[in-house]
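Dear colleague,

I am handing over the structure we spoke of, and my notes on it follow below. Please read them with the coordinates open beside you.

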Amino acid sequence: MNRKHAIKIILSLAICLTFVFCMNMVNGSARAAEESSGEAVSGTSTGAAITEAPAATATPTPIPTLKIDTSKVKLNKTKTFIMQKKKTTLSLLGLPGESISSDVSRKRLEDILGTAVTWRSYNPAIATVTAGGVVKGVKKGTTIVEAKIQNTTFRCTITVVSKMVKKDFSKFNGENFVAYCKRKGYNYGYAWVGQWKGRSKKKSTYRGIKIGSSTSKVKKKYGEFTLKKCTKKDPFTRTKGLKKSKVKKYTDMKYGKYRIRFYFDKKNKVAAIIYSCNLSRIKKRALKKYM
């Protein structure tokens, strides 16, 4: 290779390198321009999304406190009797809407009234009370349960009577009925003894209830109770003595498998008293001679 040919090769390489360098500069400028333009567009759209004002939230309208006319409000009971371990429900009447004896009603009315009804027992050792006004007898005695709303207090006197025990089945027929059934073996079968209007022997129960006693007196001695309607399913309702006494409803005082059943006439007077053991086993055929 001569000197002249070598110079031509070097010049060709230099021209090629210069061309490549220039092309790279042009492409770089174009990309920079595109990126700059892209950032501007992106900045416009994205920035608008980021700086967008949050949606306005509605402020809840406060429920106005309702002033109660307490002269129209009263407790459903001002005096009652309950047996140990039994319950009764107190409620305020005359409030807007409904009684607040249940927790659901109580919460709903608290919103309307702007305040809560508070319940308190003066002596929880005798009777307790829940936030919904449910009173439970604890031990024999008398106390007061109060309900307070908007600085007004309402009170109920609660008398707790003794729970049913074995001695409650004494006196009625000479020998204690529970002891009698166990001695005879009737506690494994069934037994009953009773009295009604027109029958010669008329003795009172251990707590002093007899034929002719009022419903209110029975409640004072045994606590509140629910009356059930007499039906054909009850074997004693169909006996001559109870038919003649025109019994309408009854209630039971229970002690294990033993019970005292009080039947009431249309005047709400005790018309018959039945002591029984395993009452559900007593069928119509067992009372045939009394039909």
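Of the 291 residues in the protein chain, 35% are buried, where buried means under 20% relative accessible area, exposed over 50% and partly exposed in between, with a 1.4 Å probe and protein chains only. This is a predicted model, in which local features need pLDDT of at least 70 and side-chain atom pairs count only at pLDDT 80 or more, while totals for chains, interfaces and linings use all residues. Residues are numbered from 1 along each chain as its sequence is written, and side-chain values use heavy atoms, with hydrogens and water left out.

The accessible surface of the protein chain is about 18,500 Å², and carbon and sulfur atoms hold 55% of it; such areas come from the Shrake-Rupley method with a 1.4 Å probe, and for residues only the protein chains shown count as cover. The protein chain has five helices and 14 strands, taken as DSSP runs (helices are H or I with at least four residues, strands E with at least two) and numbered from the N terminus. If contact means heavy atoms within 4.5 Å, then, among contacts in the protein chain between residues at least 6 apart in sequence, 56% join residues at least 24 apart.

On confidence, the pLDDT (the predictor's confidence in each residue, from 0 to 100) averages 80 over the protein chain, and 69% of the residues score at least 70. Confidence is lowest in helix α1 (residues 3-50), with a mean of 52, and highest in strand β6 (residues 127-129), at 98. Over residues 36-51 the pLDDT is below 50, and this stretch has two contacts in the model beyond near neighbours in sequence.

In helix α3 (residues 177-184), the buried residues are F177, V178 and C181, and, seen down the axis, they fall within an arc of 105 degrees, so they line one face of the helix; the arc is that of the directions from the helix axis to the C-beta atoms. The cover over the buried residues of α3 includes β10, β12 (249-255), β13 and β14. In helix α4 (residues 215-222), T215, V218 and Y222 are buried, and these fall within an arc of 60 degrees, so they too line one face of their helix. The buried residues of α4 are covered by elements including β2 (79-83), β9, β12, β13 and β14. As background, an α-helix has 3.6 residues a turn, so residues three or four places apart point the same way. After α4 comes G223, whose phi is positive, near 85 degrees.

Turning to the rings, a search of the whole structure finds 13 aromatic pairs, where rings of Phe, Tyr and Trp (its six-membered ring) pair if their centres lie within 6.5 Å, and planes under 30 degrees apart count as stacked, over 60 as edge-to-face and the rest as tilted. One of the pairs is formed by W192 and F236, which is edge-to-face at 5.1 Å centre to centre with 70 degrees between the planes. W192 lies in strand β10 (residues 191-196) and F236 in the loop between β11 (228-229) and α5 (240-245), so the pair ties together parts that are 44 residues apart in sequence. F236 is buried, at a relative accessible area of 1%. Ring pairs also link F169, F177, Y255, Y258 and Y275 into a cluster, and F177 is one of the buried residues of α3. K219 lies over the face of F225, at 5.6 Å from the ring centre; a charge sits over a ring if NZ of Lys or CZ of Arg is within 6 Å of the ring centre and within 35 degrees of the ring normal.

Which backbone angles deserve a look? Most residues other than glycine have a negative phi. Q150, which is not a glycine, has a positive phi of about 45 degrees; Q150 lies in the loop between β8 (141-149) and β9 (152-161) and counts as buried at 17% relative accessibility. N268, also not a glycine, has a positive phi of about 60 degrees; N268 is found in the loop between β13 (258-264) and β14 (270-277) and is partly exposed at 40% relative accessibility.

With regards
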